[in-house]
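Thanks for making the time this morning. I would like to walk you through a few local features of one structure, so please have the sequence and the coordinates open while I talk.

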Amino acid sequence: MPEPAVRPAQPPTSQPPQRGPLNRVRDRRWTSRRLPEPVRRLPAADRPAVARALRKCVPPADPSLDEPALALSAYTRGQIRRYGWIYLFPPVGLLILSAAMLIASHEERRLGTTIVWIGVAIVTPASAVRRLVRLERLEAAIRARDENATTGPGHRRRMRAPSAATATIVAGILVIASGLWLQWDAHRDRPDWTIDGPHGAFPAPIAAQAPLHPQKVVATYPFDVLTYRGVAIEATPKSASVTAHRIRPAGTYWRFTRRDHRLVDADLDPATGRLLLVWAHLDPDTRTIEAPLQAMVIDVRTGKVRWNRTVPSSSDSLEGAAVIGRSAVIPAEAFTVLDPATGRPRWRLRDRCGQAPAGTAGGTLLVGRMCPDSGLLVEGHDSATGRRLWSKSFASWWPGRSLARELPVSVDALSRNRIVVWTLEREAVYDATTGARIGEHRQLVHGDGKVFDAEAGYAPCSIRVSGGHRKGICATDPVSGRRLWSFPFPGADETTQLRSPVAVADGRVYTLSSDHGGEIADHVDVNDARTGALLARVSPPLPERGRLYGVQAVDGGALVLTADLLPTPSPNRTVLLGDG
């Protein structure tokens, strides 16, 4: 049989894999004319071993690579000596970046940036020195390979002490680390407040109930206070601190101080002991107050900050008073409602109308609004969602009067989810949820100075008695306007104090009456809120009888009187009266 023909071997048709751009750059670098000849002639397969030898400064495992390793080491040492530490590109980049940070950083961050810059300036030259020493040691090890001086069989390496360059690098790294920590600390959202206290246990109230004979001075203060059980809170606008003072014994319970903010407004929720504080930022350079506003809540019992929230606003003031209860309300540029427990934003109301909180009734937030097209409105909004439940205008209460749409009304909450709206001449009761009118009538008593509790209203009035009329205090039904009871003052010329003469608490009505035309508080009358029976009539031991005091509150077993109508300073601006 004929033998089969032998076919010649065919060349492989598959092409070698394409090298990526990074590998091509590496090849170009290894074949650069500036490199020594033994390095340029080095095969691509042996290049990683030589590069590893220089990087770790240990002789290559293959003795045939000693010549290119020595040539590359000598070339690298020459470059370092020629260009100095600038040859080390990563440290130089870090140094440039640190210099840019130093130029762009704020005043409070420059210390950390400067320390980083100093640390880099220490590490960079020391790294070049250390690199030179290691390369020289590598060359000595390669030359001694044949003599078996350092790497011969059975030879044990001798531990060397760290060089001065290594110690300098370690010190520089520690300096850089400290500078970075200072930078991080400056970038942190650190609070600018400090709290001194609380000192001791929470103070007990002056008494378990409102005073029956408030004829003893419990305490006096040269500022307005917010009272909560056994503490009197000093929260003066434009101040940098808020202080909770012990009422008895006198002393500081806690003091809350801010560095870069000033107080704008404060309100207290007596049901929960939450103190709402609104602050504006203080520019440290110009010492002027500027937006935005910042709202926070402090627990009066502990002095701890429960939450802190920035309120978007372009103004450094409020359009009304801040309020906290079932909601925390900040009437800034936008009417902002927050959760009082967490500070989480619930809703905002922002339009051309000016808004001010008018109170709360159940789950309804009452808002007074002054709109350009509709004038004064009283609206009910769902306190959780902000949905408008109803809106009312009271311009019809002033028929024929100019600017009737802009004349003010007063609003308060009653029991059973009702609200009362009144002026000097009219009064009406509405359902807080639906806005349905329950009753409306003409004002039969003086609307000025009128106060309400859950079921009735109390105000100064004129009472018909034998021989004429007497001034006194009356209780009325807010739905029908019917007079429930009246109490005429014993003195023929006696009248109510001109300013804030009435308060109601714990089933008692407190009235300041005057024998001097209302300008001096001569008597405190205490009546039963249900029947009007006179329970006590005392002469208040006011430290300054010539000042026009008014009733601010009845709280913590004390009757709180304040003389804040006149701006003149006084060491007895606020006076607390009690039974003992």
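This is a predicted model: local features need pLDDT of at least 70, side-chain atom pairs count only at pLDDT 80 or more; totals for chains, interfaces and linings use all residues.

Ile122 belongs to helix H6, which covers residues 110-143, and with a relative accessible area of 31% Ile122 counts as partly exposed.

Let me turn next to the disulfide, of which the count comes to one. The bond joins Cys461 to Cys474, with an S to S distance of 1.8 Å, and because the torsion about that S-S bond is about 70°, the disulfide is right-handed. As Cys461 sits in strand E24, residues 457-465, and Cys474 in strand E25, residues 468-476, the pair ties together parts that are 13 residues apart in sequence. Are these two cysteines, Cys461 and Cys474, buried or exposed? Both Cys461 and Cys474 are buried, which means that each has under 20% relative accessible area.

The last item is a sheet. Four strands, in the order E19-E20-E21-E22, form an open sheet in which the pairing is antiparallel. Its edges are strand E19, residues 410-413, and strand E22, residues 437-442, each of which pairs on one side only. On average, and with direction ignored, neighbouring strands of this sheet are turned by 15° against each other. Looking at one of these pairings in detail, strand E21, residues 426-431, runs antiparallel to E22 and is joined to E22 by five bridges; for Glu427, the bridge partner in E22 is His441.

Conventions:
Residues are numbered from 1 along each chain as its sequence is written. Side-chain values use heavy atoms; hydrogens and water are left out. Two strands pair if DSSP finds at least two bridges between them. Helices (H or I, at least four residues) and strands (E, at least two) are DSSP runs, numbered from the N terminus. Axes are lines fitted to C-alpha atoms, for helices over the stretch in contact, and angles run from 0 to 180 degrees between N-to-C directions. Buried means under 20% relative accessible area, exposed over 50%, partly exposed in between (1.4 Å probe, protein chains only). A disulfide is a pair of cysteine sulfur atoms within 2.5 Å.
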